[in-house]
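Please look over the chain shown here before reading on.

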Amino acid sequence: MGKAPKKRNIADKVRKTKTSTVIKNNPFEVKINRKKFDVLGRKTKHDVGLPGVSRSKAINKRKETLLKEYKHKNKSNKLIDRRFGEYDTKMAPEDKILQRFAMERQRVHDKKDVYNLNEDEELTHYGQSLAEMEKFNDLANSDDESEEKGLLSAELTASHFGGGGGLLRKKTSGDQQEEEGNQRAKSRQELIEELIQKSKQEKRERQVQKEESQELTEKLDQDWKSIQALMVQKTPKADKPEEKPKLEEYDMMVRELGFEMKAQPSEKMKTPEELAKEEREKLQKLEADRLRRMMGDEVGDSAQKQTYMSADDLNDGFILDKDDKKTLSYQDGKWNIGEESDEDKDEDDEDGEEGESGEEEESEAEEDDEDGDEEEEEEEEGDEEQEEGSSEEEEDGHSDLESEQESDDEERKQEDKETSAKVKKSLTKEEMKAQQDAAKAELPYTFKVPESYSDLKDLLHGHTPDNQRLIVARTQKSNHPSLAVGNKLKLQNLFGFLLEYIGEVSTRSPPELTTVDKLIPELYALCQMFPEAACKAMQSTIGDVAHSMEEVLEVKGHAAFPALDMLIYLKVTALLFPTSDFRHPVTTPALLYISQGLTKCPVRSLQDVTSGLVLCCLAVEYVSFSKRFLPELINFLAGILYLAVQDKTSLGFSVVPPFRPSGKYSDLLVLSDPESSESWSKKSLPLSATQHLELKNDLDRDHHRLVCLYTCLDLVKRCCLLYKDLTSFTHIFQPIRTLLLKHLSAQTLPEPLKELHSEILDAVGGVPVTRTPLVFEKKKPIPLKLLTPKIVEVLDYGKKRGSSREEKEKERLKHKYKKEFKGALREIRKDTRFLAREKLNEVMNRDAERKRKVKELFGSLATQEGEWKALKRRKRK
């Protein structure tokens, strides 16, 4: 029986139905190419496109062709014989071998000579070729070799250089006949011994001959000395006529050059680290001396006495420790012995006198020595031959031994006198106490860098301004950044502490401006050493004050003028940083702060006028190099002059804030008594008046007003010199000129103010006003280059007529070339993108495989670690 057929349901029927062969395209992947216009009778091929299908076909095609080439790149499965002439059937095997050998030799030769730069040059030394000199033809032989040269026998020469010569070579028939009488032939050992014996005998004979020649030479010398005195006839010097040839100008110049000072080698330039180390060692030594003096110990003189060394000194360490040492010099042809008196004198005076006398004696001795040397040289040149024959050379007096014995006796006597008579003086208690007090009052030479601002205040408290500057300078030198690791950060913090200290000192009453003046050089030195830290410190200081001013302006609408400490900070900024830069991280914010103070701070008292004028002075200093125009500066100076005008009814200009045209503060600089100008004398504006101004009566107030007015006019004059090159100079200073001409007469002003008044008017009025109207350019415009147009007759739209068949074919090929070129570029770009994707996939696959292997390794290691820990736990149980 067969199996019962299964019941088939609808799903099976649907599954077995054949799908339609025509696959319906996705409407989203169909691209319809629209036409600009329809043409009747024209068939179109690309109305509808399938970019997705085309892209997949192109990718599959590249996978079959380009991808296979990329994978088989740099891979070959066959060997190619690249030897020369291997596949050339016309060449004979011998020719192939010869050609290969020649190519190999050429390759080796090129490799050897690749760095041979002097191939064609011949090097010489003193006119002789080095190649010839390297042959060693003319060797400088020693005495023994020169004597032995040519004395060797023919047998010895033949044995050394002829392979044994006649001694060791086989004998000829003639030789055999001569030695037939010999009983037997000598062995090789006997021949060598005989050769050695002969060479020794010859050497002994040469030695005997040399000794005999030496004896004969000495005998001849003695005989010559005995008869030399008879041959030489010595004439006295007085009978010789002194005829000295006149020197030529060239010879005189040569001798003068010999006496000129020769150049002496100078010491090498030391690095900043070495200089800092020397300064620190010097300060440490001075501090150690000070501490010893403070404890009562005696300290030796720092300035050592000048020691004199004779020409016969052996420099063997023997020193004569005596204060009354005699100095010996040669002066005017006589010995000059200077003795020091043993009277009661100060040590400093003795040292100074000894140093001066020693220098004078030393210089005189040098001059005398030079003169003596010249005389000795002349005598030696004239009497060389006569002195050779004299008998004084043979005399040998023992005067040097006698002088040594005498000097030893004198030294013993002097030592006995020293031990018996000399008593060392010691300081009394009063002198010792005075020395200790002086050492305690003296400033230490080394200081630690203060860790905080309070430490700096404690360090500088109670000292004069000069001592404060000295303390800061010694702190920098003893804690240079190159001497320790943490010194750089400490000195950077010291800059901020000094800034804060300067601000506090300037706010005291009265302000200690002398201290500020003394500390600014040390602040400048720190700024040069750490410019970035100094820049940040000044930026934070100026930024905090500017933000506080902005907050006050937002609340009240006006702010007070900067205090004295801020004015000093602005002055320090101009000293430490360049003000002529177009944009600077420190001076630009400072200049903006000055401008804001000149425009937002109202003038309500004489103290405000003083602060404003100080700000104007700082602004002029900031722009003195760059000549940058500051309208706030000109406006403020014009407002200060307006405050000095008495009649304000008819003005030629409008007053700009922070000044008001009327009110109780508009007459601050008007004199209460015109006669007070007669008793006024020119003074500079006091800087302390910006903090506290005390004016007891009207006369003092008028004098201060005149000082402010003089400062204002001086600033206006400086501004005229700065901005005279501007085109709008006359218009800028027109309000100031109007005030000085019409409202502020010079008749009631003192003489210095009158001079400034006239100079300003001359400077403003002397500049000619040049207003040139705008006109067209007088030059005739150059016409454009025109070409005659080419006229082509067009009968149908889009087609050219009148061209020949060759031109049409050329245009068609050119169009086809452009089309194919663009298509090739497009395909190359697509191939490049395809290869880039494949390379990226390879890299990602390698990375994924590596990560997988790393995970497997970590997993196996973790399993082993777990098993090991489990085994360890079992063992513990």
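Accessible areas come from the Shrake-Rupley method with a 1.4 Å probe, and for residues only the protein chains shown count as cover. By this method the chain exposes about 70600 Å², of which carbon and sulfur atoms supply 52%. The model is a predicted one, in which local features need pLDDT of at least 70 and side-chain atom pairs count only at pLDDT 80 or more, while totals for chains, interfaces and linings use all residues. Residues are numbered from 1 along each chain as its sequence is written, and side-chain values use heavy atoms, with hydrogens and water left out.

The secondary structure comes to 30 helices and 6 strands. Here helices (H or I, at least four residues) and strands (E, at least two) are DSSP runs, numbered from the N terminus. The chain has 877 residues, and 22% of them are buried. Buried means under 20% relative accessible area, exposed means over 50%, and partly exposed lies in between (1.4 Å probe, protein chains only). A contact means heavy atoms within 4.5 Å. Among contacts between residues at least 6 apart in sequence, 71% join residues at least 24 apart.

Where do the charged side chains pair? Side chains of opposite charge can pair when their charged atoms come close. A salt bridge is counted when a side-chain nitrogen of Lys or Arg is within 4 Å of a carboxyl oxygen of Asp or Glu. The structure holds 21 salt bridges.

One of them joins lysine 35 to aspartate 47, with the closest N and O atoms 3.8 Å apart. Both residues lie in the loop between strand S1 (31-32) and strand S2 (48-49), so the pair ties together parts that are 12 residues apart in sequence. Lysine 35 is partly exposed because its relative accessibility is 41%, and aspartate 47 is partly exposed at 29%.

Another salt bridge is formed by arginine 100 and glutamate 86, at 3.0 Å from N to O. Arginine 100 is in helix H4 (residues 93-112) and glutamate 86 is in the loop between helix H3 (66-71) and H4, so this pair links parts 14 residues apart in sequence. Arginine 100 counts as partly exposed at 25% relative accessibility, and glutamate 86 counts as partly exposed at 29%.

A further salt bridge, 2.8 Å from N to O, brings together the side chains of arginine 701 and aspartate 698. Both residues belong to helix H26 (residues 698-723) and are 3 residues apart, about one turn of the helix. Arginine 701 is partly exposed, with 29% relative accessibility, and aspartate 698 is partly exposed, with 47%. Elsewhere, salt bridges that share partners join Asp81, Arg83, Glu86 and Arg100 into one network.

Other charged residues form surface patches. Patches are made of residues with over 30% relative accessible area and no salt bridge; like charges are joined within 9 Å, and nonpolar side chains (Val, Leu, Ile, Met, Phe, Trp, Tyr) within 5 Å. Lys and Arg count as positive and Asp and Glu as negative, while His and the chain ends are not counted. The place of a charge is taken as NZ of Lys, CZ of Arg, CG of Asp or CD of Glu.

Which part of the chain gives the largest share of the positive patch? Helix H30 (residues 805-876) does, with 9 residues. The members of this patch include Lys810, Lys814 and Arg837, and also Arg55. Arginine 55 lies in helix H2 (residues 51-64) and counts as exposed at 53% relative accessibility.

Glu211, Glu212, Glu215, Glu218, Asp221 and Asp223 form a negative surface patch. Aspartate 223 is placed in helix H10 (residues 188-231), and its relative accessibility of 41% makes it partly exposed.
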